[in-house]
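Please keep the sequence and the structure at hand while reading.

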Amino acid sequence: MSLAFGVLLLALAVMLGGIAALFRHRSEGAMSALRTFALVGAASIALLHLLPEALGEIGWPALLAAVAGFLAPALLERLVVGEAGAHRTPTTALAMGYAAVLAHQFGEGAAVASLSRVGQLTLPVVLALAAHTVPLAMVVAIQVLEVRVGTGGKRAMSAALAGIALATVVGAFATRLVDLERLEAVEPWLLSAVAGLLLHALSHEAVASGPATTVSRAGEAVGGLLGLALATIGIDEEEWVQQIPFQLQIVALVVVAGLILLRSYGPRRAAEHPH
C-alpha cells in the first residue's frame, strides 16, 4: 500500500469527523459503530499481526516498545493539558486539547510513513488508525463549534480540522529525515510501538459508555464484528497462526465475538461529563 493513499485515508478520516460533528444528533448509531470498529480493529491488528511478528524477530523485549507506544499518548496528553486542564476556561481547554490532538496525529503520520518505508503498511492497519482518528476529529470539531457559536463556527471548525490533517502529513514526511537502513534495523521495535499505539484505545473504550439505546447497542455490535473481520484478513498466512489447530482457531473467534456482543449489550459505565 502506498504512503500517499494511507495519508489520504487519514486526512479523509479527519474530514469525516467534522461531518459527524455537524450531524452528531442524527448519527448515534453510526458513531457507536465507528468507535467499536476502531477499538476492536486496532486491538486485533496489534495483537494478531504486529506484535507477534515483532516478538518473532526480537523476542520478549518487543513488549517494552509496545508498552512505550501504549503509554505515550496518555503521557503526551498529561504534559500538554495537565491535571487541571479540565477545569480551565473552554477556550483554554480547547487550545490545549487541540495541541495534544495535533501531536497525536503527527505521531500517527510518522508511524504510517515508517511502516510504509519498511514494507509493512497494510490497508487494515491504516483503516484501524483512521477509524480511531474520526472520533478525535469529531471531539475537536464539537468543541470549536461550542466555543465559536455563530456564523464563524463552521469556518473555525474547518480551519482546526485542516490543521489536524496537516499535522498528519507533516508527521509522515518528517520520517524522510531518517535513513532507510536505520529504519529497517529498528523495524521490530517500530512494529511493537505501533501495536502499543493501537492498543491505547483500550484504555478509553474497553467498557462501553454513554446512552444504552437500541440503536447504539446494535451499532456497537455491528462495528465490533466488522473490526474483527478486518483484523482476520490474511491472518491465516501468519506463521504462528498455522501452528494452532483449526478447531481452536474457530473457538477463539467465537469467544472474541462473544466478548464484543457482551460489551455491546452488557453493563455500561457512566459517561464522563465535561466540567
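What share of the contacts in the protein with a separation of 6 or more comes from residues 24 or more positions apart? Such residues account for 87% of those contacts, where contact means heavy atoms within 4.5 Å. This is a predicted model, in which local features need pLDDT of at least 70 and side-chain atom pairs count only at pLDDT 80 or more, while totals for chains, interfaces and linings use all residues. Residues are numbered from 1 along each chain as its sequence is written, and side-chain values use heavy atoms, with hydrogens and water left out.

**Overall make-up**

The protein contains 12 helices and 0 strands, these being DSSP runs numbered from the N terminus (H or I with at least four residues for helices, E with at least two for strands). Read along the sequence, the pattern is α-α-α-α-α-α-α-α-α-α-α-α. Of the 275 residues in the protein, 46% are buried, a term that stands for under 20% relative accessible area, with exposed meaning over 50% and partly exposed in between (1.4 Å probe, protein chains only).

**Helix spans**

| Helix | Number of residues | First to last C-alpha | Expected span |
|---|---|---|---|
| H5 | 25 residues | 36 Å | 36 Å |
| H8 | 13 residues | 18 Å | 18 Å |

Pro-135 is found in H5, which covers residues 123-147, and Pro-135 is itself buried, with a relative accessible area of 9%. Although Pro-135 and Ser-32 are 103 residues apart in sequence, their C-alpha atoms are 10.0 Å apart in space.

Helix H1 (residues 3-22) packs against H5 at an angle of about 35 degrees, with the two axes 7 Å apart; axes here are lines fitted to C-alpha atoms, for helices over the stretch in contact, and angles run from 0 to 180 degrees between N-to-C directions. H1 passes H5 in a right-handed crossing, which is one where the near helix is turned clockwise from the far one by less than a right angle, anticlockwise being left-handed. Among the residues that make this contact are Phe-5, Leu-9, Ala-13 and Leu-16 of H1, together with Val-126, Ala-130, Val-134 and Met-138 of H5. By class, the contact of H1 with H5 has 20 nonpolar, 4 polar and no charged residues, where Ala, Val, Leu, Ile, Met, Phe, Trp, Tyr, Cys and Pro count as nonpolar, Asp, Glu, Lys and Arg as charged, and the others, Gly among them, as polar.

H5 also meets helix H6 (residues 153-174), the axes coming within 9 Å and crossing at roughly 150 degrees. H5 and H6 are therefore roughly antiparallel to each other, given that angles over 145 degrees count as roughly antiparallel, under 35 as roughly parallel, 65 to 115 as roughly perpendicular and the rest as oblique. The crossing of H5 and H6 is right-handed. In this contact, Ala-137, Val-140, Ala-141, Val-144 and Leu-145 in H5 meet residues of H6 that include Gly-153, Lys-154, Met-157 and Ile-164. The classes involved are 10 nonpolar, 1 polar and 1 charged residues. Buried residues of H6 include Gly-153, Met-157, Ala-160 and Ile-164.

**Helix H10 against helix H12**

The axes of H10 (residues 214-231) and H12 (residues 246-265) come within 8 Å and cross at roughly 155 degrees. That makes H10 roughly antiparallel to H12, and H10 passes H12 in a right-handed crossing. The contact draws on residues including Arg-217, Ala-221, Gly-224 and Leu-228 of H10 and Leu-253, Val-256, Ile-260 and Arg-263 of H12. By class, it has 10 nonpolar, 2 polar and 3 charged residues.

**Helix H8 and Leu-115**

In H8 (residues 187-199), 11 of the 13 residues are buried, so H8 is largely enclosed by the rest of the structure. Leu-115 lies in helix H4 (residues 90-117) and is buried, with a relative accessible area of 0%. Leaving aside neighbours within four places in sequence, Leu-115 is in contact with Gln-120, Leu-121, Val-125, Leu-190, Leu-191 and Val-194. Leu-190, Leu-191 and Val-194 are among the buried residues of H8. Glu-187, also buried in H8, is 72 residues from Leu-115 in sequence and 8.1 Å away in space, C-alpha to C-alpha.

How values were computed: Expected span 1.5 Å × (residues − 1).
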